[in-house]
Amino acid sequence: MNIVVLGLQWGDEGKGKAIDYLAGNFDVIVRYQGGHNAGHTVYHGDRKVILHLLPSGIFSPSTVSVIASSVVINPIHLVSEINGILALGVGLDKLVISELAPLILPFHQQLDIVFEESRYLKIGTTKRGIGPAYEDLAGRRAVFMRDLVDENDFYHQVKPLSEYYNKIIQACGGAPVLIESYLDDYLAAGRFLKPYVRNTIYLLNRLHEERKSFLFEGAQGALLDISLGTYPFVTSSHPTVGGVLIGTGLSHKAIGKVIGISKAYATRVGEGPFPTELKDATGDRLREKGDEYGSTTGRPRRVGWLDMVALKYALMVNGVDSIFLTKLDVLDDLDEIRVAVAYELDGAQTEIFESHHNRLQKVRPVYRAFPGWKKATSGIKRENDLPKETRDYLRFIEESTRVPIEYISIGSGRDQTIRRNSE
Ligand code: IMP
């Protein structure tokens, strides 16, 4: 069955670990949105590798790894990521990159910085140029991977865009990015990438007709979706399930099952509402134990309790079939664990997730407390060996979401995963 693996929170849910765990069973793994703002941590043997653009199936020699057409690509970054993987002795002959992937150009990164500085509501972007590159796609000005590999077209497409944006960058007090300063590097990257570049829409549909199995790898998380997330504190793509169809050119018939990844608590990087945020010693403790520092930017993540209102919303808009719950072991030492079961807004209780920021900023979480289990769980192999308090916590999540928890992750290792009988 084809599965979509996507984040149910604000990213960093542990999708890399989940996908790495599940990947061995699939013929094709597809990244369908986002760019190198993502950071998916996987292990190649004992070696920790953070993938930003390459799909997490890259280490499996028989898996076709596809970067599909709604992924925005910084070609210089992609070349260096590919070289890093080749240096590990891993072959990449099954990597395919969409010719319709929009490019991130150097001025996009500069625009990301100057736009952020001039905003009333700062987003705290990754400063990778992701938003401005997607803006060009919506503005019908995007330059695509296929323009880069056709060297003549590339210069003619980029030149007017570059001049246009340099005026804006200078007006905002930034330094212009002259095309001469990057043209040769981009063209060289295009020559390097050319053998991997194809029409992935037809390729993916052919593989689907041949009944190959697919894993669709989401980046970021549902609450960062440009249309369904905590706008404007979102990324500029669709990490939700709809992004799979737009991002790949496959139809809904290609989606069999949706697995949603959620931490046993919550984190967020960058600005924006976070009703269950902990700004106290418990938050610091979770941040340290959970190593909650951005895998792309190194920024400390904001940390908080699990928020059932937000989780239920993410499960609803994605039609999630089962949950892969990560980092449960990070809660091991706590005396008490809290979960937001509702919000208080304007004197009334609500379970509605008001995704736009101005109402969500005002809600106050209504908590339910659970006793901590105060035992190490990371070596446990079977569900029944988990402490009773842990199992009660899991049962509560399942009963209130009515979505089964199919996998429990209790450490970064592949073997630190408990699969439950959820079917
Ligand atoms: P952008 O995607 O760089 O435009 O950043 C927009 C928002 O999404 C910021 O709050 C980022 O911190 C957040 N964000 C983007 N990518 C990720 C990710 O992979 N994990 C977590 N947060 C992310």
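Guide: A residue counts as buried when its relative accessible area is under 20%, taken with the protein chains alone as cover. In this predicted model, that cut-off gives a first way into the protein chain.

Visitor: What percentage of the 423 residues in the protein chain is made up of buried residues?

Guide: Buried residues come to 57% of the 423 residues, while the accessible surface of the protein chain is about 17700 Å², with 49% of that area belonging to carbon and sulfur atoms.

Visitor: How many helices and strands does the secondary structure of the protein chain have?

Guide: The protein chain has 13 helices and 18 strands. Its radius of gyration is 21 Å, close to the 22 Å from the globule rule for 423 residues, and the chain is therefore as compact as a globular protein of that length. Along the principal axes, the C-alpha atoms fill a box of roughly 65 × 50 × 35 Å.

Visitor: Which domains does the domain assignment give for the protein chain?

Guide: The assignment gives domain 1 as 3–99 + 197–258, domain 2 as 106–191, and domain 3 as 262–419. Between domain 2 and domain 3, the C-alpha centres lie 37 Å apart, and the contact takes 7 residues from domain 2 and 6 residues from domain 3.

Visitor: What share of the contacts with a separation of 6 or more comes from residues 24 or more positions apart?

Guide: Contact here means heavy atoms within 4.5 Å, and residues 24 or more positions apart account for 75% of those contacts in the protein chain.

Visitor: How far apart are the mean positions of the positive and negative charges?

Guide: For the 50 positive and 52 negative charges of the protein chain, the mean positions are 2 Å apart.

Conventions. Residues are numbered from 1 along each chain as its sequence is written. This is a predicted model: local features need pLDDT of at least 70, side-chain atom pairs count only at pLDDT 80 or more; totals for chains, interfaces and linings use all residues. Side-chain values use heavy atoms; hydrogens and water are left out. Helices (H or I, at least four residues) and strands (E, at least two) are DSSP runs, numbered from the N terminus. The radius of gyration is taken over C-alpha atoms; the globule rule is 2.2 Å times the number of residues to the power 0.38. Buried means under 20% relative accessible area, exposed over 50%, partly exposed in between (1.4 Å probe, protein chains only). Accessible areas come from the Shrake-Rupley method with a 1.4 Å probe; for residues, only the protein chains shown count as cover. Lys and Arg count as positive and Asp and Glu as negative; His and the chain ends are not counted. The place of a charge is taken as NZ of Lys, CZ of Arg, CG of Asp or CD of Glu. Domain bounds come from an automatic or database domain assignment.
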